[in-house]
Amino acid sequence: MKKCSQCNQNFSDDVVFCPKCGRKLDEIVEEKRFCSKCGQQIDINTKFCPKCGAANEVATKQNGLDSAMKIINNEILKNKNDIEKNDVVQMIREKYLSFSGRLNRKAYIIRGLIVYVIMMILLAIVDVLFEDEISFDEFGMLTTSPGTAELFFTFIICVIGIVIMVSLGVRRLHDLNRTGWMILLNCVPIANLALSIYMVFFKGTDGGNEYGPDPLQMK
């Protein structure tokens with residue numbers, strides 16, 4: 001579009017001189033407008049952004065670029081946080097919920113203690129949060145017992161703890177070049193004590209075995 005600065009009228013781009021006054025027309029430089037929220041280019045006459053629905057706050061091209069860069073940076077940060085979360089989940093899965101590979105004595109003991117301490121803390125919290133149910137025994141004496149909610153959460157915590165400890169035990173047996181099924185000996189009196197001593201005090205296989213490489217050599 002072109003405009004006559006004297007007549008203050010607009011003409012098409014193919015017109016060079018104003019047909020009324022003969023003055024050479026000036027080109028109209030249309031400044032691009034962008035949504036200040038999402039950076040979408042919009043018509044200045046529209047009331048709302050067609051992309052995000054935000055009110056049309058007139059923004060310059062630089063503000064539009066700044067808004068677009070802000071959105072990109074937020075998206076990058078979001079993706080980075082998702083990756084970090086996935087890394088944490090992957091780390092927990094590999095260290096505490098995997099049944100393949102090997103685990104040396106030091107890692108087995110440390111991780112076992114960590115799981116035990118966390119379980120005790122969680123069980124204590126559950127015990128504090130949920131009140132005991134009050135009832136009377138067969139002799140008419142007042143007694144208390146864990147409520148349904150407390151039993152439920154206690155059961156969930158214990159199941160998760162057992163699964164993790166079995167995972168650690170299986171990989172510890174692999175380090176000793178033994179089948180992970182030996183962990184079932186924990187269900188047998190006396191044999192469970194012997195198995196615990198064996199897993200804690202005996203050194204794993206030097207070098208690789210059929211269950212994987214030596215974890216000490218992987219550090």
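Three salt bridges are found in a search of the whole structure, a salt bridge being a side-chain nitrogen of Lys or Arg within 4 Å of a carboxyl oxygen of Asp or Glu. The structure is a predicted model, in which local features need pLDDT of at least 70 and side-chain atom pairs count only at pLDDT 80 or more, while totals for chains, interfaces and linings use all residues. Residues are numbered from 1 along each chain as its sequence is written, and side-chain values use heavy atoms, with hydrogens and water left out.

**Salt bridges at Asp175**

- Arg102 and Asp175 meet through their side chains in a salt bridge, at 2.8 Å from N to O.
- This pair links distant parts of the chain, 73 residues apart: Arg102 lies in the loop between α1 (61-96) and α2, and Asp175 lies in helix α3. Helices are DSSP runs (H or I, at least four residues), numbered from the N terminus.
- Asp175 also forms a salt bridge with Arg172, whose closest N and O atoms are 2.7 Å apart. Arg172 and Asp175 are three residues apart in helix α3, so about one helical turn separates them.
- Arg102 and Asp175 are both buried, a term for under 20% relative accessible area, with over 50% counting as exposed and values in between as partly exposed (1.4 Å probe, protein chains only).
- The relative accessible area of Asp175 is 3%, and Arg172 is buried at 0% relative accessibility.

**Salt bridge between Lys203 and Asp206**

- In the salt bridge of Lys203 with Asp206, the closest N and O atoms are 2.3 Å apart.
- Lys203 is partly exposed at 47% relative accessibility, whereas Asp206 is exposed at 60%.
- Through shared partners, salt bridges join Arg102, Arg172 and Asp175 into one network.

**Packing of α2 and α3**

- Helix α2 (residues 105-129) and helix α3 (residues 148-175) have axes that come within 10 Å and cross at roughly 180 degrees. Axes are lines fitted to C-alpha atoms, for helices over the stretch in contact, and angles run from 0 to 180 degrees between N-to-C directions.
- The two helices, α2 and α3, are therefore roughly antiparallel to each other, the term for angles over 145 degrees.
- By class, the contact of α2 with α3 comprises 12 nonpolar, four polar and six charged residues. Nonpolar covers Ala, Val, Leu, Ile, Met, Phe, Trp, Tyr, Cys and Pro, charged covers Asp, Glu, Lys and Arg, and polar covers the others, Gly among them.

Note on methods. Angles under 35 degrees count as roughly parallel, over 145 as roughly antiparallel, 65 to 115 as roughly perpendicular and the rest as oblique.
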